[in-house]
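Subject: Structure handover

Hello,

Here is the structure I said I would pass on. Please open it alongside this message, and read the notes below with it in view.

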Amino acid sequence: MIALLAVAAGLVLLVGGAELLVRGAAALAARAGVDPVIIGLTVVAFGTSAPELAVSLASAAGGDEEVALGNVVGSNIANILLILGVSALIGTLVVAQRIVRLDVPIVLGVTVAVVLMSLDGGIGRIDGFLLVAGVLTYTGWLVRDARRESAAVRAEYGTSMDELEGAAVDKPLAVQLGMTIGGLVVLVVGAQLLVGGAVSIAESLGVSDLVIGLTVVAVGTSLPELATSVTAARRGERDLAVGNVIGSNLFNLLAVLGATAATAGTIEVGRTAMRVDLPVMLVITFLLVPVFWNGFTVTRLEGLVLVLCYAAYLAYVTLAAAEHDLVTTIELVALVVVPVMIVLFSVAGVRGWRRDRAQRTGGGAASGPAA
């Protein structure tokens, strides 16, 4: 009971700390005259993944490396299947072509790189520094590219930042600093409580720290992303819901996993993670390409499929932890269902891409004479 209360309190503190941190830091950036576009791409993007970073660092510091790895991998799986799926169920999501052509290939490439780094049984300190260098390079490129955005995009970011900062932007400097520092402190305390409670639960249930990291911890630290994406979808800002998921996954792999590996020295990757969880993360990241290409949307039906897949994944992880007899049956079914899903989504994606290309080519041909 104490462990469950610690986990619940940790989750509340993580969400509240992230909110304080983002609002305080965004207000400070606005006070310093930083462009709203830059604030949205850096402070807000990093802030929503602050719980994952706090939990992974706390886990690595305490020697619970399986929780740190499970947190990142589980969060990325939850972001795609659960958060993107739930957001699509609220209403068809719009996918900006820039995300399909640039951000998704980057996320897929980084995911492949992380899997390759894990083949020797661990993600080492050098791997961590390479990943951190990657997020610094990517952020620098984002900032430079943002300066060339259109007036409409900049105005949209300005409105979003005004809503986010709220009354904090009018507060004295001391209050804004207090919110930022207080948010960091609350995050650290929440991470300690969550990790400690999660490890205690794992020990009492006789399951590995990896399973707890992939389930309880991963879903808990993904709550800020879930709240942000669902709110954006309900407001009709359905392109922001997709961008939030992609940005969070990229930050988790580069910054969270990278900083944790660079700090801890080596994050060991066990057989289970290498055989099941990392391949699952890789496959569903790959599936984003055909799903997004199919009309640059994520429909309610596709959202339902994503949510059902997440439910099946959680069921498998839970049954495997309990060494249930159904595990073998589920694995055999997955060997048939997963390839079929990949083929179906890929065919739909190729058809959507051809349809989009034909429309653009036809539009260009039609407008040529008129021009």
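The notes below go from the whole chain to single helices and then to single residues.

Please keep in mind that this is a predicted model.

Overall make-up

The protein chain contains 14 helices and four strands. Of its 371 residues, 46% are buried. Among contacts with a separation of 6 or more, 87% are between residues 24 or more positions apart.

Helix α8 covers residues 173-205, which is 33 residues. From its first C-alpha to its last, α8 reaches 48 Å, close to the 48 Å expected at 1.5 Å a residue. Just after α8 comes G206, with a positive phi of about 75°.

Helix α10 has 12 residues, 223-234. Its span from first C-alpha to last is 16 Å, again close to the expected value, here 16 Å. The buried residues in α10 include P224, E225 and S229, as well as V230, A232 and A233.

Two buried polar residues

N79 lies in helix α4 (residues 65-90). Its relative accessible area is 0%, so N79 counts as buried. The side chain of N79 makes a polar contact of 2.7 Å with the side chain of N249. Leaving aside neighbours within four places in sequence, N79 is in contact with L84, S222, E225, V245, S248, N249 and N252. One of these, E225, is also among the buried residues of α10.

S56 is in helix α3 (residues 50-61). S56 is classed as buried because its relative accessibility is 0%. Its side chain and that of N71 are joined by a polar contact of 2.9 Å. Not counting residues up to four places away in sequence, S56 touches A68, N71, V72, V256 and T260.

How many salt bridges does a search of the whole structure find? The search finds one. It is formed by the side chains of E331 and R275, at 3.4 Å from N to O. The pair links distant parts of the chain, with E331 in helix α14 and R275 in helix α12 (residues 271-293), 56 residues apart. E331 has a relative accessible area of 26%, so this residue is partly exposed.

V340 is also found in helix α14, which covers residues 326-370. Together with L332, V333, L335, V336, V337 and L344, V340 makes a nonpolar surface patch of about 660 Å². Why can V340 belong to a patch? Patches are made of residues with over 30% relative accessible area and no salt bridge. V340 has a relative accessible area of 43% and is therefore partly exposed, which puts V340 over that cut-off.

The start of the chain

M1 is found in the segment before α1. With a relative accessible area of 71%, M1 is exposed. M1 and I201 are 200 residues apart in sequence, and their C-alpha atoms are 9.3 Å apart in space.

Regards

Key. Residues numbered from 1 in each chain as written. Predicted model: local features only at pLDDT ≥ 70, side-chain atom pairs only at ≥ 80, totals over all residues. Heavy atoms only, no water. Patch = residues over 30% accessible without salt bridge, like charges linked within 9 Å, V, L, I, M, F, W, Y side chains within 5 Å. Areas by Shrake-Rupley, 256 points an atom, 1.4 Å probe, with all protein chains shown as cover. Salt bridge = Lys/Arg side-chain N within 4 Å of Asp/Glu carboxyl O. Buried < 20%, exposed > 50% of the residue type's maximum accessible area, 1.4 Å probe, protein only. Contact = heavy atoms within 4.5 Å. Expected span 1.5 Å × (residues − 1). Polar contact = N/O pair within 3.5 Å; in protein donor to acceptor, adjacent residues only side chain to side chain.
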